[in-house]
Amino acid sequence: MSFQGEPPVRFIDFHRSPDRRGYFERQRSGISYDPALHRWIIDSVSLATDVLGDPRFLTADYEGVCAHMAKAGKPVENLALAYANIPLCHDGERHRTLRRSMSEHLAAKRKQMLPELGALVANHISPFGRPGKVEVMAEVLAPLVDDFMGRLIEAVIGDAKALAALSPAFDHLMGERKMLQTDAEIAKVRATIQAGLPADRQDAEGRHLALLMLGRDPLLGTLGESFRHVFEKESGKPLAGIEFPVMPPETGVPYIERLASEDCRLAGVEIVAGARLRILLQAYCYCEEEREHLRIFGVGSHACLGRLLALDLWRELTRQLVCLPTRVVFERAAPRTTDYVFTCPQSLHIEVLHDVR
Ligand code: HEM
């Protein structure tokens, strides 16, 4: 799609383009077809909400890919275990069962973790409290998120290459070779999770793997992008003077996809059964109506089960940051350019200075 003579938008990596906020101010079309991605693109909040609440649009099919690979003699058993346990890979009864089990697990963990959250955050934010150069992703946010997720899944994954395989596992455009590589990395994650579980609880392995895949990069990406945004905007200001928004101002989950289960009409266009729709969740993040911002966590039966925990962490982090006697000067940030699913800084460089007011 293009607008008033501008070049067409490259939706494949639009989610990390520096001008993405501007796109939503200038050119929301509601729905348009992207021939490069072979998908319908939904970019307005009202249509996104309609589609996500409409039972004719199903979550995209991941398990079919595993069956195809097995038939071709290239089984991807680790990805298959993950997809079998990820609620948003399913609809109907299977989805309800998985969702219930995860929701109970997360509620119990939240109860356990809330009293410890202040100490967990304090353990990781010390680089913000003393003068010096800091690479926020590597020195603060990745260790913090890995510690946080480690408590949820009872295992800490320290292998950076294996962690980098979590995001591609959701990429529908991944080729066979990439899928086999991703599967081999996920095998290492599985092994660490298995090792952390007692013999009588090995059945939790699939659920913990699924939680890590659903939680780690969305959380890291949301915190990283939100800090990049705030520090760039408020560069040089004392932390105590920054009014961090109640909701993170950026999301690590820039879009989600759905499949049309039948031929239908949507906002005046014909959608055929099997067509894929990409719903741009950044539309919720960047719109003016604040009540829409919560929808970065999804809408309807698949809405995020980690929302409360993610917001607990954002609010505790920002609450502690404003108590520090320092200023943050933004230096530079680079996006994670290998990621076609989530939005996350690869690096975020700042300088911390004394607050000399
Ligand atoms: C700020 C961080 C996060 C964001 C922005 C986010 C966003 C989302 C979104 C948009 C969905 C809906 C996907 C769809 O409808 O296709 C979703 C689903 C889900 N999220 Fe999150 N998420 C975050 C963190 C987490 C965390 C930390 C966990 C748990 C550890 C988690 C667990 C889940 C689960 C289990 C689902 C699937 C629900 C279902 O299919 O019924 N999320 N998330």
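The following legends describe close-up views of a predicted model. Local features need pLDDT of at least 70 and side-chain atom pairs count only at pLDDT 80 or more, while totals for chains, interfaces and linings use all residues. Residues are numbered from 1 along each chain as its sequence is written.

**View 1. Packing of helix H7 on helix H10.** Helix H7 (residues 136-153) and helix H10 (residues 205-233) pack at an angle of about 150°, their axes being 10 Å apart; helices (H or I, at least four residues) and strands (E, at least two) are DSSP runs, numbered from the N terminus. Axes are lines fitted to C-alpha atoms, for helices over the stretch in contact, and angles run from 0 to 180 degrees between N-to-C directions. H7 and H10 are therefore roughly antiparallel to each other, where angles under 35 degrees count as roughly parallel, over 145 as roughly antiparallel, 65 to 115 as roughly perpendicular and the rest as oblique. Residues of H7 including Val136, Leu141, Val145 and Met149 meet residues of H10, among them Leu211, Gly215, Leu219 and Phe227, two residues being in contact if their C-beta atoms, placed from the backbone, lie within 7 Å. The residues of this contact of H7 with H10 divide into 14 nonpolar, three polar and one charged; Ala, Val, Leu, Ile, Met, Phe, Trp, Tyr, Cys and Pro count as nonpolar, Asp, Glu, Lys and Arg as charged, and the others, Gly among them, as polar.

**View 2. The shell around the ligand.** The ligand is surrounded by 27 residues, of which the closest are Leu88, Gly215, Gly298, Cys304 and Gly306; a residue is near a molecule or strand if its C-beta atom, placed from the backbone, lies within 6 Å of it. Helix H5 (92-113), H10 and helix H12 (307-321) each supply at least two residues of this shell, and H10 gives the most, with six residues. By class, the shell around the ligand holds 18 nonpolar residues, eight polar and one charged.

**View 3. Helix H6 against helix H12.** Helix H6 (residues 117-124) packs on H12 at an angle of about 60°, with the axes 10 Å apart. That makes H6 oblique to H12. In this contact, Leu117, Gly118, Val121 and Ala122 of H6 meet Asp312, Glu316, Leu317 and Gln320 of H12, and the residues divide into four nonpolar, two polar and two charged.

View 4. Three strands form an open sheet in the order E4-E10-E9, with antiparallel pairing; two strands pair if DSSP finds at least two bridges between them. Strand E4 (132-135) and strand E9 (326-335) stand at the edges, each with a single partner strand, so one side of each is left without a neighbour in the sheet. Four bridges join E4 to strand E10 (residues 345-354), and Gly132 stands opposite Val352 in E10. H7 lies across E4 and E10, running at about 60° to E4, whereas H10 lies across E9 and E10 at about 45° to E10.

View 5. An open sheet of five strands has the order E1-E2-E8-E5-E3 and mixed pairing, and its edge strands are strand E1 (31-34) and strand E3 (57-59). Strand E5 (residues 255-260) and strand E8 (residues 276-280) pair in the antiparallel sense over five bridges, and Tyr255 stands opposite Leu280 in E8. Helix H2 (residues 45-52) lies across E1, strand E2 (39-42), E3, E5 and E8, running at about 130° to E8.
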